[in-house]
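Look at the model first, then read on.

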Amino acid sequence: DWTMAAFRQQAVEAIRKQVGKGRVICGLSGGVDSSVAAVLIHEAIGEQLTCIFVDHGLLREGEAEQVVELFRGHYNIPLVHRDASHLFLGELALLEEPELKRKTIGRLFIDVFEEEAKKIGGADFLAQGTLYPDVIESVSFTGGPSVTIKSHHNVGGLPERMRMKLVEPLRELFKDEVRALGRELGLPERMVRRHPFPGPGLAIRVMGDIDKEKLDILRKADAIYLQEIENAGLYDAIWQAFAVLLPVRTVGVMGDARTYDRVCALRAVTSTDGMTADFFPFPMDFLGRVSTRIVNEVRGINRVVYDVTSKPPGTIEWE
Ligand code: XMP
């Protein structure tokens, strides 16, 4: 794609010009945006870049390992991997309210990130994978408390406190363009295709208060759901798909025994920018297959429901 090749070249030059001989740190989340930003910046300034991956313990199955393997193993980009899951889960225990969860995660994230940045001697620049829709959405989010629907912690917070200049090479791009740039940069297809994933991770997909046991149950259900979506060849037709663990227990029957376990809700939507979305019309036999697998294979879940709400009036995430 010649336009992306040109963009890549221009962006590399702009980064070199902005950064000079300065040092840059980049926070990785495991998602497409921060990964593409990091690889692009690494191409521009090499070892002047260090990546910091704050692992909050709220990622999906195998995700943390994939980030480390991609950056250390594949790209050989300097990477600090801080496993802070105990800290996060400890502070989140008993919190039920979604905004309280988000704010707590955002605060801890900044604390840990800052701590790790200090350990490596700080930097002159902070790199972020901010996209054009993030720029617009964060503007509307500052329009006053009455219009804040969800406070996203991946935009803002860090820069003011750490007094670093921002490097945001993706600021003018939409998601599909970032994916094209990722391909241009040779990122693995499984990374480039990846659905968006919220900064607070699975904390906002376990409804109400969270703990390790619930997170593990959700991880298993989510992995089965995504695997079936892949098998059915539907992954790329969907904007986001994920499982949600509900705080409700219902009665079921397994063999000849009574069960009294949790409900898992499945969500899948189509969208172009996350601002509006339609629920994805899965074939019924697909939903049946996923439901059977989850109930048979995941201990702790005995009922599966599918969310058929579009946005608006629903949001994509349940919290
Ligand atoms: P909603 O649920 O508001 O989500 O329809 C729109 C898009 O934003 C993602 N999302 C978040 N991303 N921090 C993030 O980084 C958050 O707190 C957050 N909440 C929602 C959501 O996954 C969807 O892509």
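Is the crossing of α1 and α2 left-handed or right-handed? The crossing of α1 and α2 is right-handed. A crossing counts as right-handed if the near helix is turned clockwise from the far one by less than a right angle, and as left-handed if anticlockwise.

## Basis

This is a predicted model: local features need pLDDT of at least 70, side-chain atom pairs count only at pLDDT 80 or more, and totals for chains, interfaces and linings use all residues. Residues are numbered from 1 along each chain as its sequence is written.

## Helices α1 and α2

Helix α1 covers residues 2–19, and helix α2 covers residues 32–45. Helices are DSSP runs (H or I, at least four residues), numbered from the N terminus. The two axes lie 9 Å apart, at an angle of about 65 degrees. That makes α1 roughly perpendicular to α2; the class spans 65 to 115 degrees. Axes are lines fitted to C-alpha atoms over the stretch in contact, and angles run from 0 to 180 degrees between N-to-C directions.

From α1, the contact takes Ala11, Val12, Ile15, Arg16 and Val19. From α2 come Leu40, Ile41, Glu43, Ala44 and Ile45. Contact means C-beta atoms, placed from the backbone, within 7 Å. By class there are 8 nonpolar, no polar and 2 charged residues. Nonpolar covers Ala, Val, Leu, Ile, Met, Phe, Trp, Tyr, Cys and Pro; charged covers Asp, Glu, Lys and Arg; the others, Gly among them, are polar.

## Helices α10 and α11

Helix α10 (residues 212–231) and helix α11 (residues 284–297) have axes that come within 10 Å and cross at roughly 150 degrees. That makes α10 roughly antiparallel to α11, a class for angles over 145 degrees. The crossing of α10 and α11 is right-handed.

Ala221, Ile224, Tyr225 and Glu228 of α10 meet Arg289, Val290, Arg293, Ile294 and Glu297 of α11. This contact holds 5 nonpolar, no polar and 4 charged residues.

## Domains

Domain 1 spans 2–192 and domain 2 spans 205–306. The bounds come from an automatic or database domain assignment. Their C-alpha centres lie 28 Å apart. Each domain gives 10 residues to the contact. On the domain 1 side, 7 are nonpolar, none polar and 3 charged.

How values were computed. Helix = DSSP H or I, 4+ residues; strand = E, 2+ residues; numbered from the N terminus. Parallel < 35°, antiparallel > 145°, perpendicular 65-115°, else oblique. Contact = placed C-beta atoms within 7 Å.
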